[in-house]
Amino acid sequence: MLTAELLSLCCKSEHRKLGRSQFLPCRRHRIKARELMNPDLSPVALKSISVTVSIHEFVAGVSATLNYENDEKVPLEAIFVFPVDEDSAVYSFEALVDGKTIVAELQDKEKARNNYEDALSQGFQAYLLEEDWYSRDVFSCNVGNLQPGSKVALTLKYVQELPLEADGALRYVLPTILNPRYKLSEQAVDSCLDMKTPVVPLEDLPYTLAMVTTISSQHGIQKVQSNCPLGPMQYLGDDKKSAQVSLAEGHKFDRDVELLVYYSEVHSPRVAVEMGMPQKATDCLMGDPCAMVSFYPNILEVEASKSCGEFVFLMDCSGSMGCPTSNQNGSQTRIEAAKETLLLLLKSLPVNCYFNIYRFGSTYEAFFPQSVKYTQDSMEKAVERVKQMIPDLGGTEILAPLQNIYKNPSIMGHPLQLFVFTDGEVNDTFSVIKEVQLNSKKHRCFSFGIGEGASTSLIKGIARVSGGSSEFITEKDRMQFKALRSLKCSLQPGVENISLSWNLPPGVCVDMLSPEPTIIFRGQRLIVYARLTGAMQAAETTGEVHLRYMLQGQSSEDKLTFSLHPKPDANLTIHRLAAKTLIQNKDLGFGKTPENAKADVLNISIESGVISSFTAFIAINKELNQPVQGPLAYREMPTPVLLGMTATTQCAVEEADCPLGIDVDSCQEEAGEKDFMQLIYLQKANGSWDLNGDLASILGVSLEDILAARPAEHVDSSGWATILAVIWLHTNGKDWKEEWELLERKAVAWIHSHAGSTIPILVMAANSVLKSSVDPAVFAL
């Protein structure tokens with residue numbers, strides 16, 4: 001236990017270095033002395049959080065205000081650690097103190113930290129906002145020297161591109177849950193993730209959250225959905241092109257706040273050009289106009305290659321995977337949902353591919369020494385081991401299994417496709433991202449963040465640097481659907497020779513800020529940023545940008561014509577997003593970014609005002625100059641205890657075989673889903689089914705009746721069983737069609753090799769047995 005005397009000795013050298021005239025323990029030692037100074041949960045200085053969101057088309061601008069008040073009789077230093085989406089470009093931080101606004105300056109992080117400490121030692125109020133050393137999606141906000149009875153409101157602002165969901169929804173998430181991050185033993189740098197933040201039950205959390213969202217789109221707004229209670233949506237005009245919605249009072253911080261915004265038309269390509277800062281000289285990022293180009297290529301689905309690759313599944317089996325996927329009653333644990341998904345993926349793999357599965361936590365283990373050929377035997381062995389998986393491997397160290405996967409030799413003609421499933425509670429994300437990036441030429445990575453609070457920095461980062469895709473599974477999301485969508489992408493032949501070209505008026509040039517796109521998946525949107533230099537025309541002029549690519553030897557082109565008359569935006573939204581893109585591509589994180597790239601990141605960050613790993617916001621109120629007598633009382637803002645994070649697990653109360661509060665239709669839907677999963681488990685690696693009592697039970701027909709109805713002269717028992725299974729899927733599994741399409745393709749291909757021209761006769765007989773009316777055309781290749 002550290003004593004005050006020891007703290008004094010530890011900090012003397014640092015104070016001599018900074019030339020401080022008064023003694024104040026350094027920040028690191030104030031954190032270590034928290035238990036000494038504050039053994040019980042004192043009054044909390046953070047009283048409320050208010051968030052204003054403005055969503056225009058597919059970009060969100062967010063202003064979040066943290067309201068503090070010191071109810072104690074001593075001056076405080078308060079710290080609040082909170083999550084922000086990894087793609088957020090945080091560009092503004094300011095303090096409102098006694099009616100005076102103090103705008104923070106973005107500085108080199110070490111300089112900002114030293115200035116913060118120096119200000120406190122001189123009796124000034126100081127405010128520090130910084131990104132964590134080890135993760136882009138975790139921030140800490142320090143409020144230093146908050147005097148008794150005083151109030152301060154700290155506001156941070158950021159902009160963010162919104163991802164597009166499969167059903168056309170734009171997804172905005174306000175992260176409110178910060179999961180504990182696993183700490184690597186060799187970590188040495190001071191990280192806000194090291195702090196043991198106080199936890200309290202949800203009902204005792206002392207601060208509140210309010211959120212108001214304004215949405216606007218030239219294409220009209222259809223609806224807004226959320227995982228949290230909302231007030232009624234109000235249209236702000238008869239044309240339904242703008243609307244406002246608010247989070248209902250009483251948010252319990254038991255989940256991230258998610259909004260799904262549906263426009264009447266979301267897939268339209270577009271270009272927006274934004275003026276630079278008038279006071280900035282041209283020939284720099286913030287002085288010149290910037291363009292945001294959004295393409296939605298019409299990439300047709302084609303037949304997958306016969307030799308589709310090597311599929312490696314990396315499954316998180318750390319202790320936190322035993323928590324529920326959501327905080328709803330009866331929610332599956334993360335590991336159970338992941339196991340179901342992995343089994344479905346195994347069944348959906350193409351014939352003749354290779355595969356392997358790794359379990360990881362504090363240690364890791366592979367199902368096979370190296371990837372094996374996909375056969376009935378290897379699949380059965382893998383399925384049995386998947387069913388036995390439990391979250392028993394401790395912490396989350398993903399780097400070691402990744403390195404083991406990459407050192408294995410490549411399989412000729414089978415490109416590596418890596419699928420990572422984790423709740424993202426890992427600390428040193430930058431080491432993992434760099435490892436994936438170093439091997440990006442030999443594979444693509446598809447990542448899945450499971451449950452509330454998954455690290456967006458890890459999940460998005462490893463997908464981005466490898467040309468893959470990322471998904472987040474929360475609340476009622478079906479992991480199977482999102483995983484199968486990614487598997488379909490991995491099976492599609494690559495879009496090649498992607499290029500962008502511009503046709504601009506004389507004297508206007510383009511400087512690409514986004515990296516050259518290397519891959520585009522079917523159904524994905526492509527966003528790139530560019531800086532326009534040269535003499536912009538005073539009169540209204542236009543430009544063109546062309547996207548060209550090759551797919552299976554066929555060339556395609558998308559063309560956009562746009563106005564070259566830039567529009568002003570006080571928030572410089574496009575410029576900030578462009579700067580964030582540059583920072584993401586150059587900033588590999590603490591200890592990973594080369595020195596020359598670090599200098600570029602610092603310059604881009606400070607010029608644009610967008611925070612990075614190497615910068616921090618610092619604001620100092622020099623009007624308050626009261627010498628600090630002794631150490632400040634140190635307060636960490638508590639976080640809620642989520643159900644499932646404690647020893648108490650969620651239990652579903654059942655009555656008459658139905659969970660309490662769930663209607664009979666829901667129970668029937670769950671029963672249908674159970675039958676669907678059981679049918680999937682019975683499918684063989686080659687796509688066929690065996691005719692047995694288990695299959696008959698799912699089909700709802702006795703085995704005797706099924707055997708009696710088989711046109712024996714046309715097909716064997718396995719062919720008959722496979723015809724029946726596919727008919728059942730089309731009749732009873734329509735809600736899960738996205739999840740069984742790959743299974744069906746294998747089954748149909750197998751049937752054609754066994755039944756051929758007799759398929760129409762077999763379908764007619766199967767429809768009669770199952771009382772269905774499925775068109776034989778579904779069996780066409």
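## Packing around helix H7

The buried residues of helix H7 pack against strands E19 (310–316), E20, E21 (364–366), E23 (416–422) and E24 (443–450), and against helix H8 (429–438). H7 itself covers residues 399–407, and its buried positions are Pro401, Leu402, Asn404, Ile405 and Tyr406. The model described here is a predicted one.

## Overall composition

The protein contains 18 helices and 35 strands. Of its 781 residues, 57% are buried. The exposed surface comes to about 32400 Å², with carbon and sulfur atoms supplying 51% of that area.

Contacts across the chain can be sorted by separation in sequence. Taking those between residues at least 6 apart, 75% join residues at least 24 apart.

## Aromatic pairs

Across the whole structure, 14 aromatic pairs are found. One of them is formed by Phe355 and Phe368, with an edge-to-face arrangement, 5.7 Å from centre to centre and 80° between the planes. Phe355 belongs to strand E20, while Phe368 sits in the loop between E21 and strand E22 (372–373); the two are 13 residues apart, and the pair links distant parts of the chain. Phe355 and Phe368 are both buried.

A further pair, Phe419 with Phe448, is stacked, at 6.4 Å centre to centre and 10° between the planes. This pair also connects distant parts of the chain, as Phe419 lies in strand E23 and Phe448 in strand E24, 29 residues apart. Buried means under 20% relative accessible area. Phe419 has a value of 0% and is therefore buried, and Phe448, at 0%, counts as buried too. E23 and E24 are among the elements that the buried residues of H7 pack against. Elsewhere, ring pairs join Phe80, Phe82, Phe139, Tyr207 and Phe253 into a cluster.

## Nonpolar cores

The largest nonpolar core has 86 residues, and within it Tyr68 and Tyr172 touch the most other members. Neighbours within four places in sequence aside, the contacts of Tyr68 are Ala45, Leu46, Ala78, Phe80, Cys141, Val143, Leu146, Ser150, Lys151, Val152, Leu154 and Met637. Phe80, one of these contacts, is also a member of the aromatic cluster.

There is a second, separate core of 82 residues; Cys308, Ile357, Phe676 and Leu762 are among its members.

## The eight-stranded sheet

An open sheet of 8 strands runs in the order E5-E4-E9-E2-E1-E12-E15-E14, and its pairing is mixed. Strand E5 (100–103) and strand E14 (234–235) form the edges, each pairing on one side only. E14 is joined to strand E15 (residues 242–246) by 2 bridges, and the two run antiparallel. In this pairing, Tyr235 stands opposite Ala243 of E15.

Helix H11 packs on this sheet, where it touches E2, strand E4 (89–97) and strand E9 (151–161), and its direction makes about 75° with that of E9.

## The four-stranded sheet

Another open sheet has 4 strands in the order E17-E18-E28-E27, with antiparallel pairing. Strand E17 (270–274) and strand E27 (508–512) are at the edges with a single partner strand each, so one side of each is left without a neighbour in the sheet. From one strand to the next, the twist averages 25°.

Strand E18 (residues 290–295) and strand E28 (residues 526–534) run antiparallel and are joined by 6 bridges. Phe295 has Leu526 of E28 as its bridge partner. Helix H11 (residues 573–586) lies across E17, E18 and E28, at about 75° to E18.

## Positive phi angles in two loops

Most residues other than glycine have a negative phi. Glu57 has a positive phi, near 55°. Its place is the loop between strand E1 (46–56) and strand E2 (59–69). With a relative accessibility of 9%, Glu57 counts as buried.

Asn352, also not a glycine, has a positive phi of about 80°. Asn352 lies in the loop that connects helix H5 (334–348) and strand E20 (354–360). Its relative accessible area is 41%, so Asn352 is partly exposed.

Technical notes:
Residues are numbered from 1 along each chain as its sequence is written. This is a predicted model: local features need pLDDT of at least 70, side-chain atom pairs count only at pLDDT 80 or more; totals for chains, interfaces and linings use all residues. Side-chain values use heavy atoms; hydrogens and water are left out. Two strands pair if DSSP finds at least two bridges between them. Axes are lines fitted to C-alpha atoms, for helices over the stretch in contact, and angles run from 0 to 180 degrees between N-to-C directions. Contact means heavy atoms within 4.5 Å. Buried means under 20% relative accessible area, exposed over 50%, partly exposed in between (1.4 Å probe, protein chains only). A nonpolar core is a set of buried Ala, Val, Leu, Ile, Met, Phe, Trp, Tyr and Cys residues joined through side-chain atoms within 4.5 Å. Accessible areas come from the Shrake-Rupley method with a 1.4 Å probe; for residues, only the protein chains shown count as cover. Rings of Phe, Tyr and Trp (its six-membered ring) pair if their centres lie within 6.5 Å; planes under 30 degrees apart count as stacked, over 60 as edge-to-face and the rest as tilted.
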